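Please keep the sequence and the model in view while reading.

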Amino acid sequence: MRAFPICLLGAVLTSFVCGSAWADKLPKDAVKLTADEVKAIYSGKTGIWKVSSIYYAPDGTIKGIFGKPKITATFKGTWSVSGNEMCAKSKAKGDPKIYTDCNKFWRSGKKLYDLWSVHYDGSKPDLKGGYATDTLKRLKKGDLVSKKFAAAGGE
């Protein structure tokens with residue numbers, strides 16, 4: 001849900017990209033980030049997204065809250081990196097389904113490009129104009145989720 005036409009509870013993980021700015025096409029000179037560079041983007045940081053917040057722990061786990069200003073769901077799961085792609089798998093409390101979303105990263109000059117490469121719902125990524133450029137602005141150092149997660153009954 002890169003452009004996030006709708007924000008569904010079933011898409012709790014993908015809400016981490018909800019509201020991301022769209023960029024132009026991926027520049028021809030763009031270079032794939034290394035796995036270590038991608039890990040550094042997320043590790044120990046909280047993604048502050050339009051309808052959710054997610055903490056990406058250095059141990060590869062995630063905790064998240066969905067719904068703003070009122071929390072309507074909590075979710076948890078794992079995240080991992082392979083090559084220039086970060087994939088996260090999450091399960092909302094009370095929902096038996098596991099959702100997977102992945103993002104790939106490139107750099108052109110000083111600009112970072114992020115493509116939502118695997119969609120939780122099986123829809124296809126936008127390989128022409130689906131590159132966000134504001135991911136780094138949305139990630140804040142530290143765990144800004146766990147207290148709210150616990151207060152909302154997250155397990």
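The structure holds one disulfide, counted as a pair of cysteine sulfur atoms within 2.5 Å. Cys87 and Cys102 form the link, with an S to S distance of 1.9 Å. The link of Cys87 and Cys102 is right-handed, with 110 degrees about the S-S bond. Because Cys87 lies in strand S6 (residues 85–92) and Cys102 in strand S7 (residues 99–108), the pair ties together parts that are 15 residues apart in sequence. Both Cys87 and Cys102 are buried, where buried means under 20% relative accessible area, exposed over 50% and partly exposed in between, with a 1.4 Å probe and protein chains only.

The model is predicted: local features need pLDDT of at least 70 and side-chain atom pairs pLDDT 80 or more, while totals for chains, interfaces and linings use all residues. Residues are numbered from 1 along each chain as its sequence is written, and side-chain values use heavy atoms, with hydrogens and water left out.

**Strand pairing**

Helices (H or I, at least four residues) and strands (E, at least two) are DSSP runs, numbered from the N terminus. Two strands pair if DSSP finds at least two bridges between them.

| Strand pair | Sense | Bridges |
|---|---|---|
| S4 and S5 | antiparallel | six |
| S5 and S6 | antiparallel | eight |
| S7 and S8 | antiparallel | seven |
| S8 and S9 | antiparallel | two |

Strand S4 covers residues 61–66 and strand S5 residues 73–82. S4 and S5 form a hairpin with six residues between them, and Gly67 in the turn has a positive phi of about 105 degrees. The loop between S4 and S5 also contains Pro69. The peptide bond that joins Lys68 and Pro69 is cis, with omega at about 5 degrees.

The next hairpin, that of S5 and S6, has two residues between its strands. Gly83 in the turn has a positive phi of about 60 degrees. Ser82 has Glu85 in S6 as its bridge partner.

Strand S8 (residues 111–118) is mostly covered, with six of its eight residues buried. S8 also pairs with strand S9 (residues 131–132). The bridge partner of Leu115 in S9 is Tyr131.

**Salt bridge and buried sites**

Which side chains meet in a salt bridge? They are Arg138 and Asp134, at 2.9 Å from N to O. A salt bridge is a side-chain nitrogen of Lys or Arg within 4 Å of a carboxyl oxygen of Asp or Glu, and a search of the whole structure finds one. Side chains of opposite charge can pair when their charged atoms come close. Arg138 and Asp134 are both buried.

Tyr56 lies in strand S3 (residues 52–56). Its relative accessibility is 0%, so Tyr56 counts as buried. Between Tyr56 and Leu139 there are 83 residues of separation in sequence, while their C-alpha atoms are 9.6 Å apart in space.

**Helix H1**

Helix H1 spans residues 35–42, and Val38, Ile41 and Tyr42 in this helix are buried. Seen down the axis of H1, its buried residues fall within an arc of 85 degrees, so they line one face of the helix; the arc is that of the directions from the helix axis to the C-beta atoms. Just after H1, Gly44 takes a positive phi of about 75 degrees.

**The chain as a whole**

The chain has three helices and 10 strands. From the N terminus on, the order of elements is β-α-β-β-β-β-β-β-β-β-α-β-α. Of the 155 residues in the chain, 48% are buried. Contact means heavy atoms within 4.5 Å. Among contacts between residues at least 6 apart in sequence, 51% join residues at least 24 apart. The chain exposes about 7900 Å², and carbon and sulfur atoms supply 57% of this area. Accessible areas come from the Shrake-Rupley method with a 1.4 Å probe; for residues, only the protein chains shown count as cover.
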